[in-house]
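Colleague: Could we go through the aromatic residues of this model, and then a helix and a strand?

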Amino acid sequence: MSSCEDRASWIGRVGRMKNPWQTSRRAVLGGLAALPFAGRLAHANLGAPITRAIPSSGEVLPVIGMGSWITFNVGADQRLRDERLEVLRAFFARGGRVVDCSPMYGTSAEVIGYCLEKLGRPRQLFAASKVWTWLQGDGPEQMAGQRAQWGVERFDLMQVHNLLNWDGHLETLKRDKAEGRLRYLGVTTSHGRRHDDLEAVMKSEPLDFVQFTYNILDRAAEDRLLPLAADRGQAVLVNRPFRRKDLIRRFENHPLPDWAAEFDAASWPQFLLKFVVSHPAVTCAIPATSRADHMTENMGALYGRLPDAALRRRMVAYVESL
């Protein structure tokens, strides 16, 4: 375990409601469907949403956000667009802010823009996207296109996607930040093989954010990237907290341990998300989903208590035993 992780003990615990559910994802969702206000009432009992500060500014963000890879790439299909509208409606209603996209994600930006317009452009939105092109000169046009598709005047966060021409694009992003076209800048990767490259960029550049993969089975980031982000004052967005759906499918037929109630996890998705965001160097996890009921369940991880270092070790031991 890293020294950075040992600092998990300082994470504040909010709320005191004990977990009434220790069952499967299907049963939890069935209960929510039967009681349409249950999620709202549970959140009220569990207190305020869990937040983390962006080190470079002190601005706080909820620790659960939303990704859009694959899930929002639905083109012009009206039925599917309206389903995604309900996903975003549930996200904002339960305290969400950070929405992450990329020009690599097909029509996701257009669909997000459609949903934001239908929702009246929620003021709490923290808009995060990426630049993804080989040529530095193509970056400004691509980012302008993203702003138009989202319907925003500027992005809160713009990131260099998968380190593609990172040095050239960071030059553009630094200028855009100085001129007010974005608030924060960063870089991303979703590939463990790029951790050495990412580490070098983190050490050499004045980044506000970094984004990489971290979950209960993919913990390589604990060794160097998470401690480095804490030392450098860089906020961390975590992608693939479920390995897409793989971890949920792997564990959902196993019992959720009784002691998950100690950190208010009512289901496997909440168990997995609370592991990720309980690391003190993590700012926000961005799971993706195409279903409003799954979004409601994911957002339950934004409330209640978080596991301390001892519980985190117990969580790892339990899933590795399954």
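Colleague: Which residues do ring pairs link into a cluster?

Modeller: Ring pairs join F251, W259, F263, W268, F271 and Y318 into a cluster. Rings of Phe, Tyr and Trp (its six-membered ring) pair if their centres lie within 6.5 Å; planes under 30 degrees apart are stacked, over 60 edge-to-face, and the rest tilted. The model is predicted, so local features need pLDDT of at least 70 and side-chain atom pairs pLDDT 80 or more, while totals for chains, interfaces and linings use all residues. Residues are numbered from 1 along each chain as its sequence is written, and side-chain values use heavy atoms, without hydrogens and water.

Colleague: How many aromatic pairs are there by this rule?

Modeller: The count is 13 aromatic pairs. One of them is W69 with Y105, which is tilted because the ring centres are 5.2 Å apart and the planes are at 50°.

Colleague: Where in the chain are W69 and Y105?

Modeller: W69 is in the loop between strand 2 (60–62) and helix 4 (78–93), and Y105 is in the loop between strand 3 (98–100) and helix 5 (108–118). The pair links distant parts of the chain, 36 residues apart. Helices (H or I, at least four residues) and strands (E, at least two) are DSSP runs, numbered from the N terminus.

Colleague: Is Y105 buried or exposed?

Modeller: Y105 is buried, at a relative accessible area of 9%, whereas W69 is partly exposed at 40%. Buried means under 20% relative accessible area, exposed over 50%, and partly exposed in between (1.4 Å probe, protein chains only).

Colleague: Why is the pair of W268 and F271 edge-to-face?

Modeller: The ring centres of W268 and F271 are 4.9 Å apart and the planes are at 65°, so the pair counts as edge-to-face. Both residues are buried.

Colleague: Turning to helix 13, which of its residues are buried?

Modeller: The buried residues of helix 13 are A309, L311, R312, M315, V316, Y318 and V319. The charged end of R312 sits over the ring of F275, 4.2 Å from its centre. For this, NZ of Lys or CZ of Arg must be within 6 Å of the ring centre and within 35 degrees of the ring normal.

Colleague: And Q211, which strand does it lie in?

Modeller: Q211 lies in strand 7 (residues 209–213) and is buried at 2% relative accessibility. Leaving aside neighbours within four places in sequence, Q211 is in contact (heavy atoms within 4.5 Å) with residues including D100, K130, N239 and I286.
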